[in-house]
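Trainee: I am new to this structure and would like to learn how to read its features. Can we go through them in turn?

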Amino acid sequence: MPRFNIDTDYLVTVLKDLIETPSPTGDTDWAVSLVQNELESLGVRCFRTAKGALVAHYPGLRDDRPRALTAHVDTLGAMVAEIKGNGRLRLTALNGVNWPTVESEGVTIRTRAGVGVRGSIVLTNGASHVNKEAGTAPRNAETLEVRIDERTNSAEETRLLGIEVGDYVSFDPRFESNPSGFIRSRFLDDKACVAAVLASLKALHDAGVSPAQRTHILISNFEEVGHGGMDGLPEDLYEMVVLDMACVGDGQNGDENHCSICMKDSSGPYSKDLSEKLLTLAGQAGVVLKPDIYRYYGSDGSAYWRSGGRAQVALIGPGVDTSHGYERTHLDALRDTSLLIAEYLIEEN
């Protein structure tokens, strides 16, 4: 039986706040600040690393096998690569953008002066009444452009708006929480897991319970480009649990309604002993934890090991449909993920 109550209202509220705070890789300060405020409200001491990640230290009852949790706050996004002669923008992806899924999406260009300029992503010469190939043309970084919602018809006029090459571009998330429990939004990867970590720590705080071991929490900000997983963590870690979205699709064992545990991804297998510990804890807490294999996936756990990390590593997370697109998960998966984290943190062995 579970030993904690997960505050699902808090979980959904903090998830919505996180998702509606833009944080494309490289421009994550606002979202990191939001997480820091939440952690400090729970009495957790935090600091920023030189790279801008957030690390929290959580005292435990023991100190012989210190643990870490990590989840990433950076998301997909883009950067201005060119101001075109017609005043529109060519983009470059900051990470694994699936270009066809962002056509017609609203965006905000954040200028160096801190001004947000609105626009949308459209196909170049995309009018069906003008271009008979508009329906079949490829959608990629070269064929899509940002149509700015200001009067501009030249590169010079666009620059007068304060826009320049290198400015960050964030996509509208379109967050929606439904009475059925389904949550639709961009960037559930990985803000769903950041929210689950916060909800689990709130459950411990509300119950007046301390972790069994000294625990470090890394909210990384460069996961989507492959180098977030080692930042600010101590050398003496014994275990690290990575929280990241679980794959859903053809051939996968997991689904949107449950938490999954990744036994192996593109970088190889995760730690057998720690994975089996989490599977046992899940069974004791009544959590259906789905073991799975992710073929085209890497995590901050992989980056941690490649950087020389010596701890055991396991990877869990809620099932997320249509990853790197317009994603969806279910509140049951988020609650179970939060509950399993809380159970793990107080596990003595």
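Mentor: Start with aspartate 190, whose place is in helix α4. Helices (H or I, at least four residues) and strands (E, at least two) are DSSP runs, numbered from the N terminus. The model is predicted, with local features needing pLDDT of at least 70 and side-chain atom pairs pLDDT 80 or more, while totals for chains, interfaces and linings use all residues. Residues are numbered from 1 along each chain as its sequence is written, and side-chain values use heavy atoms, leaving out hydrogens and water.

Trainee: What kind of peptide bond joins aspartate 189 and aspartate 190?

Mentor: The bond between aspartate 189 and aspartate 190 is cis, with omega at about 5°. Another backbone feature is at serine 104, which is not a glycine but has a positive phi of about 75°. Serine 104 sits in the loop between β5 (89-93) and β6.

Trainee: At what angle do α1 and α4 pack?

Mentor: Axes are lines fitted to C-alpha atoms, for helices over the stretch in contact, and angles run from 0 to 180 degrees between N-to-C directions. Helix α1 (residues 8-19) packs against helix α4 (residues 188-207) at about 140°, and their axes are 9 Å apart. The two helices α1 and α4 are therefore oblique to each other. Angles under 35 degrees count as roughly parallel, over 145 as roughly antiparallel, 65 to 115 as roughly perpendicular and the rest as oblique.

Trainee: Which residues of α1 make the contact?

Mentor: Contact means heavy atoms within 4.5 Å. From α1 come Tyr10, Leu11, Val14, Leu15, Leu18 and Ile19; the α4 side includes Leu188, Lys191, Val194 and Lys202. In this contact of α1 with α4, 13 residues are nonpolar, none polar and two charged. Ala, Val, Leu, Ile, Met, Phe, Trp, Tyr, Cys and Pro count as nonpolar, Asp, Glu, Lys and Arg as charged, and the others, Gly among them, as polar.

Trainee: How do the axes of α2 and α4 cross?

Mentor: They cross at roughly 10° and come within 10 Å. That makes α2 roughly parallel to α4. Val35, Glu38 and Leu39 of α2 meet Val194, Leu198 and Leu201 of α4. Five of these contact residues are nonpolar, none polar and one charged.

Trainee: How much space lies in the largest pocket?

Mentor: On a 1 Å grid over the protein atoms alone, a cavity is a set of points where a 1.4 Å probe fits but cannot get out, and a pocket is an open set with protein on both sides within 12 Å along at least five of seven lines; lining residues have an atom within 4 Å of a point. Grid points are joined across faces, edges and corners, and a volume is the space filled by probe spheres set on the points. The largest pocket holds about 520 Å³. It has 29 lining residues, and the closest to its centre are Met245, Cys247, Tyr296, Tyr297 and Gly298. Helix α6 (residues 300-306) gives the most to this lining, four residues. The lining of the largest pocket has eight nonpolar, 12 polar and nine charged residues.

Trainee: Which residues line the largest cavity?

Mentor: Among them are Leu76, Phe171, Arg186, Asp189 and His324. The volume of the largest cavity is about 70 Å³, and its lining divides into five nonpolar, three polar and four charged residues.
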